[in-house]
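User: I'm new to this one and would like to learn how to read it. Could you walk me through some features?

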Amino acid sequence: MASLDDLKKRIASVKSTQKITKAMKMVAAAKLRRAQESAEKGRPYSEKMNNVILNLSNGISDKENAPKLLSGTGQEKTHLCVVMTSDRGLCGGFNSNIIKKAKSYFAKILDEGKELKIITVGSKGNDQLKRVYGDKIIEDISFKESKNANYFDADKVGKMVIEKFEAGEFDVCTIFYNQFKNVITQIPQAQQIIPLNNEGEENSSEESYEFEPDEDEILSNLLPKNISTQIFKAMLENSASEQGSRMSAMDNATRNAGEMVDKLTIEYNRSRQAAITKELIEIISGAESL
Amino acid sequence: MSEEFKVEIVNPEKSFLVKDDVSEVVVPAFEGEMGILKDHISIISFLKPGIIKILSKSGDENYYVEDGIVEFKNNNLSILTSTIFKLADMDKSKQQDLLKQAEEEANKTDINDQSKYLADQKVEVLKTLN
């Protein structure tokens with residue numbers, strides 16, 4: 001059995017851990033509010049963008065010659081996966097959930113005998129993937145310096161993806177991120193961005209538009225922007241998810257620490273009482289023997 | 001019968017501006033400036049660097065944009081843009097910064113004709129502001 005002193009020290013250390021996790025939880029809660037807000041504010045842009053593209057692609061007369069970003073290269077040999085994770089740990093299952101989703105996708109692609117290329121965004125994803133898929137990672141990006149997700153960063157990633165697409169380095173591009181549902185639920189998502197997957201989406205309006213210049217030219221201008229927009233949306237969702245995940249993880253940790261402190265305190269009190277009782281018995285039996 | 005319609009400007013981070021008492025908007029469309037009044041036909045076009053002029057009852061406003069898409073439908077004008085500044089809020093140093101960036105971009109040799117054209121446009125517009 002641990003001595004009284006040891007117990008005391010352990011209680012103190014668990015308490016200080018609890019203080020840290022509590023503080024982290026509160027920081028995460030504050031950040032979450034901001035991240036959630038910006039995720040909501042960013043929604044109109046990506047929705048409108050989607051709408052316009054939907055209208056445009058329906059208006060296109062010549063499907064054969066549609067821009068490659070929309071219709072694809074016609075084959076599915078090389079897959080590029082952009083795995084978006086956080087730069088910091090201690091956020092529960094946030095990163096492992098994305099990685100798990102990504103890994104099962106990777107396995108499927110490799111099973112089919114297709115080629116795989118990976119871009120990791122965020123250092124945690126890179127840490128976890130480089131052990132198994134180190135040779136497949138072609139680019140590793142991290143925005144540690146940026147405090148919040150911003151469009152400028154997303155645009156950088158988007159431009160890189162497009163550059164590689166135009167150089168013919170891949171045929172299909174999928175991004176992996178966590179979609180924010182609420183504080184306790186984040187859903188890992190795999191979203192195909194090249195070629196654009198519009199199937200299943202009904203065009204809301206049958207109205208015809210006038211285009212200036214013509215559809216093709218607008219589309220070829222718009223599609224690259226859409227890539228950046230989608231990546232930016234993923235970044236926003238991710239940052240809200242990260243904070244939410246961290247908040248609930250830290251909340252759990254704080255509660256667990258509390259339970260541990262209680263348990264240790266009871267043990268401490270018991271052994272203190274035992275020591276006192278023992279001393280009393282010794283004194284009494286000493287007095288009796290006289 | 002009012003001659004007003006609604007305009008909404010959104011950038012990736014947020015909804016930048018919403019106004020519903022607008023009488024006319026002039027946008028720098030790719031093939032030249034385009035004025036939009038109420039009951040304009042539905043149109044989609046994209047923007048080159050330039051000035052958006054919004055004329056409304058509550059006062060006229062000017063914005064500098066570098067790129068974007070305009071969509072007009074059912075008397076709703078949506079402008080999607082990644083770079084937008086209100087002219088009134090832009091001071092000289094900000095303008096100079098943007099101008100410098102644009103000039104650097106325009107002087108690059110390894111860019112294609114279209115980016116070159118857009119960069120030149122940027123320089124031109126920014127110069128007229130000063």
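This is a predicted model: local features need pLDDT of at least 70, side-chain atom pairs count only at pLDDT 80 or more; totals for chains, interfaces and linings use all residues.

User: How many residues of chain A are in contact with chain B?

Analyst: First, the idea: two residues are in contact if their C-beta atoms, placed from the backbone, lie within 7 Å. Here 22 residues of chain A touch 21 residues of chain B. On chain A's side, α1 (4–59), β6 (210–212) and α6 (215–289) each give two or more residues, and α1(A) gives the most, with 10. Those names come from DSSP runs numbered from the N terminus: helices are H or I with at least four residues, strands E with at least two.

User: Which strand of chain B is joined to β6(A)?

Analyst: Two strands pair if DSSP finds at least two bridges between them. In this model, three bridges join β6(A) to β4 (residues 43–47) of chain B, and the strands run parallel. Look for Glu210(A), which stands opposite Ile43(B).

User: At what angle do α5(A) and α6(A) pack?

Analyst: Axes are lines fitted to C-alpha atoms, for helices over the stretch in contact, and angles run from 0 to 180 degrees between N-to-C directions. Under 35 degrees counts as roughly parallel, over 145 as roughly antiparallel, 65 to 115 as roughly perpendicular and the rest as oblique. Helix α5 (residues 151–166) of chain A packs on α6(A) at about 130 degrees, with the axes 8 Å apart, so the two are oblique to each other. Among the residues that meet there are Tyr151(A) and Val161(A) from α5(A), and Ile227(A) and Phe232(A) from α6(A).

User: What about α1(B) and α2(B): at roughly what angle do they cross?

Analyst: The axes of α1 (residues 92–107) and α2 (residues 113–129) of chain B cross at roughly 150 degrees and come within 8 Å. That makes this pair roughly antiparallel. Leu98(B) and Leu99(B) are among the α1(B) residues in this contact, and α2(B) brings residues including Val123(B) and Leu126(B).

User: Which residues of α4(A) are buried?

Analyst: A residue is buried if 20 or more other C-beta atoms lie within 10 Å of its own, exposed if 12 or fewer, and partly exposed in between; the C-beta atoms are placed from the backbone. In helix α4 (residues 123–133) of chain A, the buried ones are Lys124(A), Gly125(A), Asn126(A), Gln128(A) and Leu129(A). They pack against β1 (78–84), α3 (94–111), β2 (115–121) and β3 (137–141) of chain A.

User: Where is Leu90(A), and is Leu90(A) buried or partly exposed?

Analyst: Leu90(A) is in the loop between β1 and α3 of chain A, and its 15 C-beta neighbours inside 10 Å make it partly exposed. Its phi is near 55 degrees, a positive value in a residue other than glycine. On chain B, Asp39(B) also has a positive phi, near 65 degrees. Asp39(B) sits in the loop between β3 (32–36) and β4 of chain B, and counts as exposed because it has 10 such neighbours inside 10 Å.

User: Which peptide bond is cis?

Analyst: Check the one from Ile194(A) to Pro195(A), where omega is near -15 degrees. Pro195(A) lies in the loop between β5 (186–194) and β6 of chain A.

Terms used
Residues are numbered from 1 along each chain as its sequence is written. Chains are lettered from A and ligands numbered from 1 in the order in which they are written.
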